[in-house]
Amino acid sequence: MYRSLKSLATLTYPRFATYPTSPSFPASPVSAKSAALWLLILSFIFTYSVHAAEPFPKIGRRATLSEIASWDIDVRADFRGLPSGSGSVTQGEKLWESKCASCHGAFGESPAVFPPLIGGTTQADIERGRVAGLTAATENAKTTIMKLATVSTLWDYIRRAMPFDAPKSLSVDEVYAVSAYLLNLADIVPADFILTEKNIAQVQARMPNRHGVSTQHGMLDIAGKPDVSSIACMKDCPVNPASLVVLPSTVNGLNGNLAEQNRNYGSLRGIDTSRHK
Ligand code: HEC
């Protein structure tokens, strides 16, 4: 997403993007008539390229680059997209107590709102990079830290979604700090640790389940191959009617004509936009 949004930004700004390559002028002396013809063609290309990119003129407006940037916050497993900053376990502990513990417990152990975040991993797991408890018959709780393969996901998720009741309210340094605190609770980093963009790769090398995720298998096997490696049909594809989900004809019209049931009130749908010119 990090990259695709950037390229989207270029795509949606035709004025700044390159126009279709104009055919070069003939090298021989240009007659006034043929020059006029070329001008006509070029102006057509220009007009067309601007209008072609605006399929719904007068509806909404293009997102600005800064608007796109504020949504473009994903952090990849290779740490692309990770902003620089730092936060210590100690700072994280304070934040945790005021902003996270009420739901997740003082040590990330509470099953109250979500399965526990921390617990169920050992030093041996940290060394191996596989969490034994995930497959052990005796272990039935699966905490977040047991399953998590990439520390970037922890960082990214906290930044975009937590605290649950005030998402995106933490500063970058605060995200580093609470992440450091959770990592310390799981004995991945020591109590005096300060997590930064520079040492996060070393933390990754200690994630208990870092080797627990693979792309070698899919959800399903198709002809002996994982479904993710089958060849996708992108054009004129045969459709298996049996696999389509359709409403049985007996329920059609049971609740009136759905197409006529737009709400005519509310902030999102049905508002009279003709009032806002
Ligand atoms: C109001 C309750 C609440 C508060 C406060 C809260 N969380 Fe959460 N947290 C949740 C819930 C609910 C989920 C599950 C959300 C979901 O799956 O959509 C969750 C999920 C998570 C997860 C992901 C677990 C997983 O395995 O997917 C992490 C990590 C997390 N919270 C960290 C934090 C941090 C850090 C804070 C404080 C900055 C915090 N939470 C504050 C309720 C809360």
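Student: Where is the place of Phe79?
Tutor: Elements are read from DSSP runs, numbered from the N terminus: helices are H or I with at least four residues, strands are E with at least two. Phe79 sits in the loop between helix 3 (65–71) and strand 1. Numbering starts from 1 along each chain as its sequence is written. This is a predicted model, in which local features need pLDDT of at least 70 and side-chain atom pairs count only at pLDDT 80 or more, while totals for chains, interfaces and linings use all residues.

Student: What is the phi of Phe79?
Tutor: It is near 75 degrees, a positive value in a residue other than glycine. Asp236 also has a positive phi, near 45 degrees. Asp236 lies in the segment after strand 4 (225–226).

Student: Which is Asp236, buried or exposed?
Tutor: Count other C-beta atoms, placed from the backbone, within 10 Å: 20 or more is buried, 12 or fewer is exposed, and in between is partly exposed. Asp236 has 5, so it is exposed. Phe79 has 15, so it is partly exposed. Leu148, in the loop between helix 7 and helix 8, counts as buried because it has 23 such neighbours.

Student: Which residues is Leu148 in contact with, leaving aside neighbours within four places in sequence?
Tutor: A contact means C-beta atoms, placed from the backbone, within 7 Å. Leu148 contacts Thr153, Leu154, Met207 and Asn209. The C-alpha atoms of Leu148 and Gly212 are 8.4 Å apart, yet 64 residues separate them along the chain.

Student: How many helices and strands does the protein chain have?
Tutor: The chain has 10 helices and 4 strands. Of its 277 residues, 18% are buried. Take the contacts with a separation of 6 or more: 65% of them join residues 24 or more positions apart.

Student: Which residues of helix 4 are buried?
Tutor: Val89, Gly92 and Trp96 are, in a helix that spans residues 89–99. Look down the helix axis: these residues fall within an arc of 55 degrees, so they line one face. The arc is taken from the directions from the axis to the C-beta atoms. The face turned away carries the exposed residues Glu97 and Ser98. The buried residues pack against strand 1 (86–88), helix 5 (101–104) and helix 9 (172–185).

Student: How many residues surround the ligand?
Tutor: A residue is near a molecule if its C-beta atom, placed from the backbone, lies within 6 Å of it. Here 18 residues surround the ligand, and the closest are Cys100, Cys103, Thr144, Pro163 and Phe164. Helix 5 and helix 8 (151–161) are the elements that give two or more residues to this shell.

Student: Where is Pro163 found?
Tutor: Pro163 is in the loop between helix 8 and helix 9. A cis peptide bond joins it to Met162, with omega about -5 degrees.

Methods: Two residues are in contact if their C-beta atoms, placed from the backbone, lie within 7 Å.
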